Amino acid sequence: MDRTQYLLDLAKRNVQAYIAIPKTRAAMVTGSVVEGLSDEFSDCDMSIYYDELPTEEELQLARQQNQGSERLWIMGDRSEGGFAESYIVNGVECQFGHVTIAQWEKDISDILEQFNTQTPLIKAMSGTLIGIPLYGESLVQKWKTKIANYPDGFAQAMVEHYLKFFAIWGVQEKLARRDTTLWYHQILVESAQNILGVLSGLNRLYFTTFQFKRMHRFIEQMTIAPSNFGDRIENLFQLEPSVAVIELEALVRETVELVELHMPQVDTSTAKQRLGWRQQPWEFS
């Protein structure tokens with residue numbers, strides 16, 4: 001048995017303790033387990049949906065039935081309709097998201113109708129699309145169908161939100177004299193994330209910087225992107241800074257051109273403003 005199948009079987013066993021809670025309406029497994037990318041460091045990601053969140057006593061009983069360890073962590077606030085917890089089962093970290101149906105559907109609406117581009121729950125949207133239902137399949141399928149219909153308004157909101165770049169290519173000579181290693185790399189990371197965010201909108205892909213992994217696999221889904229995009233993004237962090245910033249400028253320029261081609265209603269003037277710009281030193285005599 002391979003690692004992916006092992007984790008999928010583990011998820012199917014774990015979910016039984018939660019299905020037994022009368023308030024449970026649906027459950028699914030997502031993440032590397034369903035993508036077939038599991039290795040010996042992978043965890044097991046599950047989402048469980050309720051009419052009403054289970055009590056602490058019900059959660060403790062489910063954990064005991066799964067022969068789980070004490071909690072490794074808990075995140076979120078149950079008063080806001082959802083939280084997540086993690087514990088070990090058979091040496092595997094199992095992460096469980098618990099959320100009411102009302103809150104989850106509100107979260108979906110916040111993204112697809114209110115066009116909230118900054119919530120880390122965008123990660124849960126892509127997770128739902130690939131997720132395997134383990135209980136309440138019709139309900140999960142309803143959410144999948146809704147999420148798969150990526151709205152034009154959200155696509156434009158993503159492009160507009162991420163279409164912002166600090167013109168490091170114009171000040172690299174100055175930064176090189178000022179011991180700015182951390183700031184330089186921060187700008188590089190933020191710029192790469194912003195390019196990815198813009199292209200995600202153009203390609204109707206769900207993207208958040210929160211725990212972003214498997215970049216090359218994500219980029220492979222894009223039909224609109226600069227040539228050889230994945231390798232060029234990767235190389236930004238291998239090249240000498242003086243070379244990397246020029247390549248970054250080229251990627252930004254090509255990304256702006258793609259926006260103008262595929263989403264001409266977006267104002268690109270600010271993003272274009274400092275392409276080609278270089279700060280000049282003042283003369284001292």
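1. Let's start with Arg25: its relative accessibility is 35%, so it counts as partly exposed (buried means under 20% relative accessible area, exposed over 50%, and partly exposed in between, with a 1.4 Å probe and protein chains only). Its side chain meets that of Asp51 in a salt bridge, 2.8 Å from N to O (a salt bridge being a side-chain nitrogen of Lys or Arg within 4 Å of a carboxyl oxygen of Asp or Glu). This pair links distant parts of the chain, with Arg25 in strand E1 and Asp51 in the loop between strand E2 (44-50) and H3, 26 residues apart. Asp51 is partly exposed too, at 46% relative accessible area.

2. A word on what you're looking at. This is a predicted model, where local features need pLDDT of at least 70 and side-chain atom pairs count only at pLDDT 80 or more, while totals for chains, interfaces and linings use all residues. Residues are numbered from 1 along each chain as its sequence is written, and side-chain values use heavy atoms, with hydrogens and water left out.

3. Now the overall picture. The protein has 13 helices and six strands; these are DSSP runs numbered from the N terminus, with helices (H or I) of at least four residues and strands (E) of at least two. Its C-alpha atoms fill a box of roughly 80 × 40 × 40 Å along the principal axes. Of its 285 residues, 46% count as buried.

4. How far along the sequence do the contacts reach? Take those between residues at least 6 apart in sequence: 64% of them join residues at least 24 apart. Contact here means heavy atoms within 4.5 Å.

5. On to the inside. The largest nonpolar core has 60 residues, and Trp143, Trp169 and Phe229 have the most contacts inside it. (A nonpolar core is a set of buried Ala, Val, Leu, Ile, Met, Phe, Trp, Tyr and Cys residues joined through side-chain atoms within 4.5 Å.) Helix H9, residues 181-203, gives the most to this core, with nine residues. There is also a second, separate core of 24 residues, and Val15, Tyr18, Cys44 and Phe83 are among them.

6. Have a look at Trp169. Leaving aside neighbours within four places in sequence, its contacts include Val245, Leu248, Glu249 and Val252, as well as Arg274, Leu275, Gly276, Trp277 and Arg278.

7. Back to charges: the structure holds 17 salt bridges. In one of them, the side chains of Glu58 and Lys23 meet at 2.8 Å, N to O. Glu58 sits in helix H3 (residues 56-65) and Lys23 in the loop between helix H1 (3-19) and strand E1 (24-30), so the pair ties together parts that are 35 residues apart in sequence. Lys23 is buried, at 17% relative accessible area, whereas Glu58 is partly exposed at 22%.

8. Another pair is Arg232 with Glu254, whose closest N and O atoms are 2.8 Å apart. Here the link runs between distant parts of the chain, from helix H11 (residues 229-235) with Arg232 to helix H12 (residues 241-262) with Glu254, 22 residues apart. Arg232 counts as buried at 13% relative accessibility, and Glu254 is partly exposed at 24%. Elsewhere, salt bridges that share partners join Glu56, Arg63, Arg71, Arg78 and Glu85 into one network.

9. Asn14, in helix H1, is buried at 2% relative accessibility. Apart from neighbours within four places in sequence, Asn14 is in contact with Met46, Asn66, Val89, Cys94 and Phe96. Thr100 is in strand E5 (residues 92-100) and is buried at 12%. With the neighbours within four places in sequence again left out, Thr100 is in contact with Tyr50, Asp51, Glu52, Leu53 and Gly81.

10. Last, some backbone angles to check. Most residues other than glycine have a negative phi. Phe115 has a positive phi, near 60°; Phe115 lies in the loop between helix H4 (101-112) and helix H5 (122-130) and is partly exposed at 32%. Asn228 also has a positive phi, near 50°. Asn228 belongs to the loop between helix H10 (215-219) and H11, and is exposed, with a relative accessible area of 52%.
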